[in-house]
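Hi there,

Here is the structure I promised to pass on.

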Amino acid sequence: MSGNQLQGIGMTSQRTRDRLINRLIEEGVSDQRVLEVIRNTPRHLFMDEAMASRAYEDTALPIGHGQTISQPYIVARMTEILLQPVVPSKVLEIGSGSGYQAAVLAQLVDQVYSVERINHLLSQARQRLQQLKLFNVHFRLGDGYQGWPKQAPFDAIILTAAPEHVPKQLVQQLAMGGRMILPVGSGLQQRLVVVTRTDSGYEEEYLDEVSFVPMIKGQD
Ligand code: SAH
């Protein structure tokens, strides 16, 4: 890949990216590690060229198959929550989509495992991460409701599609003290929930209202 493609020109230039970072700060994102990674991650490479001019707007964008690349603010917010109170080392993501959230995580944690149910999206995501030389992301085609039992336990789990209820099977793949962040609810409005695994079961904390695509059972 050429330097120009990575750095971006015009609407994907560093100045455009810096504007996005300023906006995220205004919206309350404060973790410098997260802001720095988002500043340096070429989001325009995670979508079709036709859409790339909008890559640094703070908005979700279509990536085909009725799916979207998440809004940068949501990526930043969920990632900064995930890094608290300690940076997790092994993270499971459900819903690889474009691969953007996985690319952000890959620059902050040791190993990322990401499950996607749509093969075409998965292979595109895999290619992008290789281009960016982020070799610590492991992809798998499958139903995210099953998690990735062979690799469990995880220090953290992030869902980027919304189930109606907290999936118990995923809670069981959390290490003791591990945390899962996910949107929960039906329809277009959900709540962000942080689940912490404890000795006696798990605790839930409800945060902001969000809007994610629904989590769908089974492989495509
Ligand atoms: N993290 C992605 C967001 C993609 S949108 C990004 O940064 O671009 C959510 C993704 O979840 C979609 O690609 C959708 O296909 C996937 N998905 C929905 N239900 C799923 C399931 N049960 N298992 C795995 N992936 C699922």
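Below is what turned up, grouped by topic.

Some housekeeping first: this is a predicted model, where local features need pLDDT of at least 70 and side-chain atom pairs count only at pLDDT 80 or more, while totals for chains, interfaces and linings use all residues. Residues are numbered from 1 along each chain as its sequence is written, and side-chain values use heavy atoms, with hydrogens and water left out.

**The nonpolar cores**

A nonpolar core here is a set of buried Ala, Val, Leu, Ile, Met, Phe, Trp, Tyr and Cys residues joined through side-chain atoms within 4.5 Å. Buried means under 20% relative accessible area, exposed means over 50%, and partly exposed is in between (1.4 Å probe, protein chains only). The largest core has 52 residues, and Leu24, Ile38, Phe46 and Ile181 touch the most other members. Helix H4 (residues 72-82) is the top contributor, giving 7 residues to this core. Helices (H or I, at least four residues) and strands (E, at least two) are DSSP runs, numbered from the N terminus.

H4 is mostly covered, with 11 of its 11 residues buried. Among them are Tyr73, Arg77 and Glu80. As for Ile38, leaving out residues up to four places away in sequence, its contacts (heavy atoms within 4.5 Å) are Leu20, Ile21, Leu24, Pro72, Ala76, Tyr100 and Val104.

**The ligand**

- a polar side-chain atom of Glu93, 3.0 Å from a ligand nitrogen;
- a backbone N or O atom of Gly95, also 3.0 Å from a ligand nitrogen;
- a side-chain N or O atom of Asp143, 3.0 Å from a ligand nitrogen.

On its own the ligand has 580 Å² of accessible area, and the protein covers 100% of that. Accessible areas come from the Shrake-Rupley method with a 1.4 Å probe; for residues, only the protein chains shown count as cover.

**Salt bridges**

Side chains of opposite charge can pair when their charged atoms come close. A salt bridge is a side-chain nitrogen of Lys or Arg within 4 Å of a carboxyl oxygen of Asp or Glu, and the whole structure has 7 of them.

In one, Asp208 pairs with Arg77, with the closest N and O atoms 2.8 Å apart. Asp208 is in strand E9 (residues 201-210) and Arg77 is in helix H4, so this pair ties together parts that are 131 residues apart in sequence. Asp208 is partly exposed, at 25% relative accessible area.

Glu36 and Arg39 make another, at 3.5 Å between the closest N and O atoms. They sit 3 residues apart in helix H3 (residues 32-40), so about one helical turn separates them. Glu36 is partly exposed at 37%, and Arg39 is partly exposed at 24%. Salt bridges with shared partners join Asp18, Glu36 and Arg39 into one network.

Is Thr198 buried or exposed? At 17% relative accessibility, Thr198 counts as buried. Beyond its neighbours within four places in sequence, Thr198 is in contact with Met176 and Glu203.

Cheers

How values were computed: Polar contact = N/O pair within 3.5 Å; in protein donor to acceptor, adjacent residues only side chain to side chain.
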